[in-house]
Amino acid sequence: ERLHFPVPQVRSVALERAERWILERLEESDGLGAIFPPIVNTLLALHARGYPLDHPTILHQVRELEKLEIEEAETLRVQPCFSPVWDTAYAINALVESGLPAAHPANRRAARWLLEHRGGARGDWKLKHPRGQGSGWYFEYANPFYPDCDTTSQVLTSLSKISLEGEEYTLCQKAVFESHEWHLGMQNKDGGWAAFDRGCDKEILTKVPFADHNAMIDPSTADLTARGLEALSELGFGKDYPPAVRAIRFLRRAQEADGAWYGRWGCNYLYGTYLALWGLRKIGIDPADPSMRRGAEWLRSCQNPDGGWGETLASYDDPTLKGKGRSTPSQTAWGVMGLIAAREQESEAVRRGIEFLLDRQCSDGSWIEEDWTGTGFPRVFYLRYHLYPIYFPLLALGVYSGKGARPHDSEARSGKRPLERTTLAGSAST
């Protein structure tokens with residue numbers, strides 16, 4: 001039954017504005033948000049507005065939805081979205097830290113591809129950051145309206161380790177500088193970073209009856225903030241840089257009583273604790289710092305008898321299950337790297353974690369991981385990243401072997417930096 005408004009014109013104008021909003025965000029995108037739920041809702045909304053099923057816009061959205069289908073034998077599944085920018089950035093990081101030269105053709109090709117997949121200067125983020133210029137990187141193949149801080153941080157970290165030359169080097173410098181400035185402008189007042197928005201943390205919005213999985217807000221999180229610190233360190237900044245000071249304070253406040261950090265975008269406390277320790281160490285916090293020691297002690301306390309680490313998705317519903325679950329390759333890699341960040345690379349716990357990974361590597365170089373370790377909406381919607389059990393173990397083995405740089409050796413890089421320290425430090429005004 002239709003809603004009735006006292007003034008009919010209000011409803012008409014509101015619907016027209018909503019329709020225009022949707023159409024604008026379909027431009028140059030693989031569907032609205034390039035992800036399953038809004039693509040489906042777009043089809044429903046436009047059809048309700050009178051669009052026939054053979055309308056070009058409807059057909060285009062159907063094609064984007066069909067691209068997400070996975071057909072196997074007699075089953076048909078629909079994945080939520082693609083993650084190529086994220087995966088490419090992490091693959092670069094794992095390869096470089098494993099000893100692949102910064103100027104290797106594979107690294108250069110991947111870097112060029114990343115430079116071609118970056119958001120534009122428009123997007124919903126401008127509502128809270130109207131003076132922001134440039135943009136960060138988005139997650140999918142084409143989603144220019146919605147760059148995110150998590151992907152941007154990882155791309156900045158990865159590109160800082162690649163050696164490009166000539167015009168490509170200049171283009172990379174420009175992209176990294178603009179995205180670094182955008183990322184700084186997205187830092188929240190509490191010192192942390194959220195995923196897509198700035199200042200979107202009003203809990204009252206989660207009480208709206210049609211709230212999407214009670215996830216109408218996008219507050220600062222420890223995992224994204226820690227990744228932001230890692231990116232700052234790779235670009236030449238240290239713990240005294242004002243944005244880093246604020247981020248460090250946020251992480252100290254976010255640490256829980258037992259020493260762990262909550263993981264919003266990966267399962268769960270293992271993910272959050274690994275990234276917090278890694279980011280703090282990279283930016284220059286001493287491993288003897290109390291927060292570092294408490295985090296490392298928590299990681300050691302939840303290592304499984306087989307030498308690995310694992311945590312069930314049920315930990316989002318029941319915090320007593322934090323750090324508990326059968327061992328997985330990706331979560332074991334997180335445990336190993338968290339302890340290495342706390343300067344425990346020679347410890348028995350790290351040695352056993354490395355042995356777990358080596359003993360379970362397949363003949364083709366991969367690892368098998370049946371458990372889901374990615375998070376969409378806590379307590380509602382989870383993700384399986386098929387490359388997590390490949391590049392995370394590879395990254396952990398590379399860091400452990402010393403092929404790349406240790407967590408505290410942000411200057412020890414082969415190849416060129418996308419930006420010189422003096423250029424960055426002198427230009428950043430946020």
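In this predicted model, helices α4 and α5 are roughly antiparallel to each other, because angles over 145 degrees fall in that class. The axes of α4 (residues 84-97) and α5 (residues 105-116) cross at roughly 150°. They come within 10 Å. The crossing of α4 past α5 is left-handed. On the α4 side, the contact is formed by Pro84, Val85, Thr88, Ala89, Ile92, Leu95 and Val96. Their partners in α5 are Asn107, Ala110, Ala111, Trp113 and Leu114. Sorted by class, the contact of α4 with α5 holds 10 nonpolar and two polar residues. No charged residue takes part in it.

Helix α4 also packs against helix α6 (residues 149-159). Here the angle is about 30°, and the axes lie 9 Å apart. The two helices therefore count as roughly parallel, the class for angles under 35 degrees. α4 passes α6 in a left-handed crossing. Val85, Trp86, Ala89, Tyr90, Ile92 and Asn93 represent α4 in this contact. Asp150, Thr151, Gln154, Val155, Thr157 and Ser158 represent α6. The contact of α4 with α6 comprises six nonpolar residues, five polar residues and one charged residue. Val85, Ala89 and Ile92 of α4 meet residues of α5, and these α4 residues also meet residues of α6.

A further helix pair is formed by α8 (residues 222-234) and α9 (residues 242-254). Their axes are 10 Å apart, at an angle of about 145°. The crossing of α8 past α9 is left-handed. From α8, the contact draws on Ala222, Thr225, Ala226, Leu229 and Leu232. From α9, it draws on Ala244, Ala247, Ile248, Phe250, Leu251 and Ala254. The contact of α8 with α9 has 10 nonpolar residues, one polar residue and no charged residues.

In soluble globular proteins, nonpolar side chains tend to be buried together. The largest nonpolar core of the model has 84 residues. Within this core, Tyr274, Met337 and Phe392 touch the most other members. Helix α10 (residues 269-283) supplies the largest share of the core, 10 residues. Beyond its neighbours within four places in sequence, Phe392 contacts Tyr90, Tyr274, Ser330, Ala333, Trp334 and Met337. Another core, of seven residues, lies apart from the largest one. Its members include Leu43, Leu46, Tyr51 and Leu68.

Leu339 lies in helix α12. It counts as buried because its relative accessibility is 0%, and the cut-off is under 20%. With neighbours within four places in sequence set aside, Leu339 is in contact with Ala296, Leu299, Arg300, Trp309, Glu344, Gln345, Ala349 and Val350. Gly307 is 32 residues from Leu339 along the chain. The C-alpha atoms of Leu339 and Gly307 are separated by 13 Å.

Asn304 sits in the loop between α11 (290-301) and α12. Asn304 is also classed as buried, at 16% relative accessibility. Neighbours within four places in sequence aside, its contacts are Trp309, Gly310, Gly325, Arg326, Ser327 and Arg352. Trp309 touches Asn304, and Trp309 touches Leu339 as well.

Most residues other than glycine have a negative phi. Ala34 has a positive value, with phi near 55°. Ala34 is placed in the loop between α1 (8-24) and α2 (36-48). Its relative accessibility is 7%, so Ala34 counts as buried. Apart from neighbours within four places in sequence, Ala34 contacts Ile39, Pro80, Cys81, Glu140, Ala142 and Asn143. Arg17 is 17 residues from Ala34 in sequence. In space, their C-alpha atoms are 21 Å apart.

A positive phi is also found at Arg343, with a value near 60°. Arg343 belongs to the loop between α12 (329-341) and α13 (348-359).

Note on methods. Residues numbered from 1 in each chain as written. Predicted model: local features only at pLDDT ≥ 70, side-chain atom pairs only at ≥ 80, totals over all residues. Heavy atoms only, no water. Helix = DSSP H or I, 4+ residues; strand = E, 2+ residues; numbered from the N terminus. Buried < 20%, exposed > 50% of the residue type's maximum accessible area, 1.4 Å probe, protein only. Axes fitted to C-alpha atoms, helices over the stretch in contact; angles between N-to-C directions. Parallel < 35°, antiparallel > 145°, perpendicular 65-115°, else oblique. Left-handed = near helix turned anticlockwise from the far one by under 90°. Contact = heavy atoms within 4.5 Å. Nonpolar A, V, L, I, M, F, W, Y, C, P; charged D, E, K, R; others polar. Core = buried A, V, L, I, M, F, W, Y, C linked by side-chain atoms within 4.5 Å.
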